[in-house]
Amino acid sequence: MKAIEWLGDRVKILDQTKLPHQEVYLELSDHHNIASAIVELKIRGAPAIGVVSAYTVALAALKLETSSREDFLTELRGIISTIAATRPTARNLFGAIDRMQKIAEANDTVEQIKAALVSEAVKIHSEETEATTKLSWLGAGLIRNGFTVMTHCNAGPLATAGYGTALGVIIQAKEQGKKLKVFATETRPLLQGARLTTWELKRFGIPVTLITDSMAGYFMSRGEVNCVIVGADRIAANGDTANKIGTYSLAVLAMENGVPFYVAAPTSTIDPSLASGDEIPIEQRSPEEVTHIQGVSIAPDGINVANPAFDVTPHRYITAIITERGIISEPYGEGLKRVAGNI
Ligand code: MRU
């Protein structure tokens, strides 16, 4: 199973909105269609969004017909801003498109720019895969034989176009022969935990129990959870971390119950330009995602709805951040600077 595959003149993605009951692959080449697929969460998870965005820039560039470098770069900027408008919280998206922009500007002719954009996108993909493999291996050292791990949203291979972050750590611990159990929170409103995390863990043969988000405290207070591991959409310079809505509540519950709370993310998710989580832009999504479940209305028509897609967990709740360049704990400012030095 590959969440993202580069086919030279198009990109193939596994439509995550159809899982777990249907495995439908889409082959896309038009940047407007890919931007819509990103907004609709057909492809999702910060690292996977970064990879697919890079391929989208390359695909759109290949189609540009002008031979004028200046016109080409102007059109490319328009394409990049369409992609940038899709998912505001995902740091990897902005990191990837910035790299694509810089590579374009560093080359002379249109043909050279096109070739450089394709190879940069392929490089971003392989770097993400390598980073998630490494951080999973490092993070697995924190997981002991017999642990029950709680995770939120989906941070597996589907979300990363690689090995996975939070789920990568769990999968690697299992590969090392450790016996584990997982509690997966369903992750309202879009149910990434219920639909995707359980599906991935089942495929890896890891015992998983699905719970609603509101059951997490019950199991933690009974001593049934040894640690919580989540992914991240953006990490500020001081360690404050944005992740799927509900992560902050889990972190507070974990601290209250003396349960270690780990964040697993590649360094491409770190945003050194933001001093704290207060500066992280939070995506607000449509009310229908809350009033409807899989197209079925569950609330009175016209009801007032709020739907922030992410929340910020202050760094004081985070026991450690697992990256491919090392595991960091307080003081996060120093540790993050060390691992994200050249980002
Ligand atoms: O809205 P989504 O499904 O894209 O949100 C995804 C998450 O919050 C993940 O936990 C995060 O991107 C880390 S994935 C490795």
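Leu62 is partly exposed, with a relative accessible area of 35%; buried means under 20% relative accessible area, exposed over 50%, and partly exposed in between, with a 1.4 Å probe and protein chains only. The structure is a predicted model, in which local features need pLDDT of at least 70 and side-chain atom pairs count only at pLDDT 80 or more, while totals for chains, interfaces and linings use all residues. Residues are numbered from 1 along each chain as its sequence is written, and side-chain values use heavy atoms, with hydrogens and water left out.

Leu62 is found in helix α2. Helices (H or I, at least four residues) and strands (E, at least two) are DSSP runs, numbered from the N terminus. Leaving aside residues up to four places away in sequence, Leu62 touches Gly8, Lys114 and Val118, where contact means heavy atoms within 4.5 Å. The C-alpha atoms of Leu62 and Leu117 are separated by 8.9 Å, although these residues are 55 apart along the chain.

## The sheet of three strands

An open sheet is formed by 3 strands in the order β1-β2-β3, with antiparallel pairing. Strands β1 (4-6) and β3 (25-28) stand at the edges with a single partner strand each, so one side of each is left without a neighbour in the sheet. On average, neighbouring strands of this sheet are turned by 20 degrees against each other, direction ignored. Axes are lines fitted to C-alpha atoms, for helices over the stretch in contact, and angles run from 0 to 180 degrees between N-to-C directions.

Two strands pair if DSSP finds at least two bridges between them. Strand β2 (residues 11-14) is joined to β3 by 4 bridges, and the two run antiparallel. Val11 stands opposite Leu28 in β3.

## The sheet of seven strands

A further open sheet has 7 strands in the order β6-β5-β4-β7-β10-β15-β16, and its pairing is mixed. Here β6 (208-211) and β16 stand at the edges, each with a single partner strand, so one side of each is left without a neighbour in the sheet. Neighbouring strands of this sheet are turned by 25 degrees against each other on average, direction ignored.

Within the sheet, β4 (residues 148-151) and β7 (residues 227-230) pair in the parallel sense over 3 bridges. Met150 stands opposite Val228 in β7. Helix α5 (residues 110-140) packs on the sheet and touches β10 (261-264), β15 and β16; the direction of α5 makes about 140 degrees with that of β15.

Strands β8 and β9 form a hairpin with 4 residues between them, and Gly239 in the turn has a positive phi of about 95 degrees. They run antiparallel and are joined by 2 bridges. Ile235 stands opposite Thr241 in β9.

Strand β9 is also joined to strand β14 (residues 310-313) by 4 bridges, again in an antiparallel arrangement. In β14, Val312 is the bridge partner of Ala242.

## The two faces of helix α12

In helix α12 (residues 332-339), the residues Tyr332, Gly335, Leu336 and Val339 are buried. They cover an arc of only 95 degrees around the axis, which puts them on the same side of α12; the arc is that of the directions from the helix axis to the C-beta atoms.

The cover over these buried residues includes β8 (234-236), β11 (270-271), β15 (320-323) and β16 (326-328). The face of α12 turned away from its buried side carries the exposed residues Glu334, Lys337 and Arg338.

## Cavities and a pocket

The structure holds 2 cavities of 30 Å³ or more. On a 1 Å grid over the protein atoms alone, a cavity is a set of points where a 1.4 Å probe fits but cannot get out, and a pocket is an open set with protein on both sides within 12 Å along at least five of seven lines; lining residues have an atom within 4 Å of a point. Grid points are joined across faces, edges and corners, and a volume is the space filled by probe spheres set on the points.

The largest cavity has a volume of about 210 Å³. Of the 25 residues that line the largest cavity, Arg44, Gly45, Ala46, Asn154 and Asp233 are the closest to its centre. Helix α2 gives the most to this lining, with 3 residues. The second largest pocket holds about 280 Å³ of space. Of its 14 lining residues, the closest to the centre are Thr17, Leu190, Arg195, Glu289 and Gln294.
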